[in-house]
Structure formats: C-alpha cells, structure tokens
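Subject: Two-chain model, handover and findings

Hello,

Here is the structure I promised to send over. Please open it first, then read my notes below.

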Protein chains: 2
Amino acid sequence: MTKTVTTDHPVHEFIATRWSPYAFDEKPVEQEDLLSLFEAARWAPSSYNEQPWHYIVATKNNTDAFELMVSCLVEGNQAWAKAAPVLAIGIARLNFSYNNKPNRAAIHDLGLAAGTLLFEATARGLCVHQMIGILPDRACEIYAIPEGYEVMTGIAIGYAGNPDKLPDDIKERDAARRPRKPLSEFMYSGRWGSVSPLFRK
Amino acid sequence: MTKTVTTDHPVHEFIATRWSPYAFDEKPVEQEDLLSLFEAARWAPSSYNEQPWHYIVATKNNTDAFELMVSCLVEGNQAWAKAAPVLAIGIARLNFSYNNKPNRAAIHDLGLAAGTLLFEATARGLCVHQMIGILPDRACEIYAIPEGYEVMTGIAIGYAGNPDKLPDDIKERDAARRPRKPLSEFMYSGRWGSVSPLFRK
C-alpha cells in the first residue's frame, strides 16, 4: 500500500511515496532494519557535530516495555500507535556536551535526524508516523531521563496495515489527503512574503 | 568528490555519502534542481500538517541580494559560505496558523524539512551545509520577518568544490572526519542509559 503524492516539481520517489499511516501491520520489523534506521539518524549532520538526538526504543515482543511506552502517548495516539510493532521516543540534549552551554540547534537537529531516519525507513519499505502528542513528564519519570534533555516526539515504526480495522474517526484521518501549501507561500526572496524570482520561468 | 562514511549497519548510499563541505564549486545550481530541493522540504511531515518551515533564498547571480544574505551569517561562516552559489535562511513559524497557539514541534519540523531537502540534494549530486551561526536579528530586519517566526539556520547549497582554495583553518576543518557516537550511546531501552537488547544478537 502506497500513497504517492503529486508534486509540482520532481522529487525522489522516497520523498513522494513517504507517508505517515495510522494503520500498522502486525508484521514485526527485523532487527537489522531497525538498527539501520537508527544508524541513518546517527549520520545526520548536527551543529558542532553534537549529535543531540537520543532514543528510547520498545519493540512489541517485549510486552511490558512496549505497554509502558504506549502509556507515554496521549490517548488519541495510543488508539492507533499501539498497533505498531516498534515505538520510540525522541529526546534532545539541550546543552552542548563539550561546554554545557545551550545548543540552539538541539531540537532542530533532532528533527533533522528524524528526517534521515524516515528516509531510510522508506527505502526499506517501512513507514514511520511521528507524534508530538506524548506525555513528556511521564516519559521522564518512567525512563529516568535526566535534566537537560527534552522529550519531544513519539515515533511509531512498522509496515503500513489495513485501515479497515481502525476506529471510524481514525480511519477517516488515515484516508484524508494531507495537502501542502504551494512553494510560493513559504519560499521567498529579498523580503518576507516576496515571491522568489525562481518561480518566473 | 565524495566522502563515504563507514557505517556500523548498512544505510542507503545517499545517507552514507552525504556530507557538509566547506568548499563549493562555482558551478551554479539549476533552477529546476533548486525548486526540487524545496519541493522535497515541502513534502516533509509536520505536526498537524502545519508546515511551519519558511525560506528566504538568494542565488549568486543576483549579486546585491546575495551579498545581503551573506551579511546575515557570522563572520566565520561568511568566509566559506559566500562561495556557495545558493544561500538560504530557514525560518519556523512558532504558532499554529489555525489557532495561533504555540506549536511545540515548529523547530523540530523545520529540521525535519531540512533532512528531506538534504536527501533530495544528495540524490541530485548537490551538497548542503547548514549553519546555526547566523545573525537572526539582522535577518529579521533586512527581510522584515514578522513577529512569531524564528530565524534558525543558514543553508549553503551547491556542488562540492576544491578545498585547496580555502583558508588554511577552514581547509583543516573541511578535511577533518566528523565521527559519530556509537548507536549504543544514544539508543536505549527500558531506561535512560540502558543499552537496547536490539544490540544483542
């Protein structure tokens, strides 16, 4: 199952076919694939090569640990994400490790690593659905995450599944298109809001 | 010129060969390629599909506009980034457009879009070097960026060039390896710092 988008300018197929499903198949993710996904995140660039990204990962075959991670998601996300064979939590170290000063790029670079992970997943036929709807305080407590780290994202990983089994409201969300603003609305030149001359052929 | 890294687990070649050069060739970036890079960013996922990313782009053929953008970088970055044929500034809208409430994922999602753009660039033989070392206040003034937007990154785009022409200190940085922490240092299970059982074969 794929959902290829129609783009205004050609992009690599892994970008055009990537999507965030609400329905996950029960097929587990092979250990080697999972390690390669996080290996991809590992090689993302980061400010001063700080590599601020950290992850806690739970696979469904470890039932107790998996349930615990499900409990760190908001209810609306638990409803569908518990079906994914792998869950992870994305965490950023907020200060540089070499001088303990604030790393202004920390959260940005966690996102950058997520982008790299997403791409590796797509290349392997896997799907990823990230969530901001998590319970950071609960995660900090459960996992004993130290001060100075920000719990940012939930990450569901697996193979896209059959949406027919989803509750109706989520099924609807799954089927919905996620349109994008045209490039001209967020790519400017010379001045904020000024359409880039790149669009003039 | 490429710099393929040796990874502990296999990753897609576009991840293993991506790097952030300090030396850029003078060869310009074709308009279609540039639009495809930002089209790739456009299709990144984002929290509530907010698409918080915005860019101001300057190409070298537009000398005045390009010089103005160079002046928004810190001096250390101006030294090498002025040679890139394209510069951009990455900006995130901090509040959701549908209710004006804070978007906790805004900066993260700008990073995610950068990851997507980076991948498209690598697929096209282009290189990207992102910088956190910019002058956000100056950029806000020059480009009349409204309140509620955070100026985050400078983005140099082009083809990798010959590092021999770089000043010595930058040449050294360009040649340096950017090693990564092992996966086991940032991928945990069950508890912070607890090595994931995924590493046990």
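Predicted model: local features only at pLDDT ≥ 70, side-chain atom pairs only at ≥ 80, totals over all residues.

α5(A) passes α5(B) in a right-handed crossing. The axes of the two helices, α5 (residues 106-123) of chain A and α5(B), come within 6 Å. They cross at roughly 45 degrees. α5(A) and α5(B) are therefore oblique to each other.

Which residues make the contact of α5(A) with α5(B)? From α5(A) come I107(A), H108(A), D109(A), L110(A), G111(A), L112(A), A114(A), G115(A), T116(A) and F119(A). From α5(B) come I107(B), H108(B), D109(B), L110(B), G111(B), L112(B), A114(B), G115(B), T116(B) and F119(B). By class, the residues of this contact divide into 10 nonpolar, 8 polar and 2 charged.

The interface as a whole

67 residues of chain B are in contact with 67 residues of chain A. Several elements give two or more residues to the side of chain B that touches chain A. They are α1 (13-16), α2 (31-42), β1 (53-59), α5 (106-123), β4 (149-158) and β5 (187-188) of chain B. α5(B) gives the most, with 12 residues. That side of chain B has 37 nonpolar, 19 polar and 11 charged residues.

How the copies are related

Chain B can be laid on chain A with an RMSD of 0.0 Å.

Look at the strands next. One open sheet has 5 strands, in the order β3(A)-β4(A)-β2(A)-β1(A)-β5(B). Its pairing is mixed. The edge strands are β3 (127-131) of chain A and β5 of chain B, and each pairs on one side only.

Where does chain B join that sheet? 2 bridges link strand β1 (residues 53-59) of chain A to β5(B). These two strands run parallel. I56(A) stands opposite Y188(B) in β5(B).

A further open sheet of 5 strands has the order β5(A)-β1(B)-β2(B)-β4(B)-β3(B), and its pairing is mixed. At its edges stand β5 (187-188) of chain A and β3 (127-131) of chain B. Each has a single partner strand, so one side of each is left without a neighbour in the sheet. Within this sheet, 5 bridges join β3(B) to β4(B). β3(B) and β4(B) run antiparallel. For a landmark, take V128(B): its bridge partner in β4(B) is I157(B).

What α5 does inside each chain

Back to the helices. α5(A) lies across β1, β2 (86-93), β3 and β4 (149-158) of chain A. It runs at about 150 degrees to β2(A). In chain B, α5(B) lies across β1, β2 (86-93), β3 and β4, at about 150 degrees to β2(B).

Two packed helices are described by the angle between their axes and the distance between the axes. For α2 (residues 31-42) of chain A and α5(A), the angle is about 145 degrees and the axes are 7 Å apart. α2(A) passes α5(A) in a right-handed crossing. S36(A), L37(A), F38(A), A40(A) and A41(A) in α2(A) meet A113(A), T116(A), L117(A), F119(A), E120(A) and A121(A) in α5(A). The residues of this contact divide into 8 nonpolar, 2 polar and 1 charged.

In chain B, α2(B) and α5(B) pack at about 140 degrees, with their axes 7 Å apart. Their crossing is right-handed. S36(B), L37(B), F38(B), A40(B) and A41(B) in α2(B) meet A113(B), T116(B), L117(B), F119(B), E120(B) and A121(B) in α5(B). That contact has 8 nonpolar, 2 polar and 1 charged residues.

T116(A) and F119(A) are among the residues of α5(A) in contact with α5(B). T116(A) and F119(A) also meet α2(A).

Best wishes

Notes:
Residues numbered from 1 in each chain as written. Chains lettered and ligands numbered in written order. Contact = placed C-beta atoms within 7 Å. Helix = DSSP H or I, 4+ residues; strand = E, 2+ residues; numbered from the N terminus. Nonpolar A, V, L, I, M, F, W, Y, C, P; charged D, E, K, R; others polar. Pairing = 2+ DSSP bridges. Least-squares fit on C-alpha atoms with pLDDT ≥ 70 in both. Axes fitted to C-alpha atoms, helices over the stretch in contact; angles between N-to-C directions. Parallel < 35°, antiparallel > 145°, perpendicular 65-115°, else oblique. Left-handed = near helix turned anticlockwise from the far one by under 90°.
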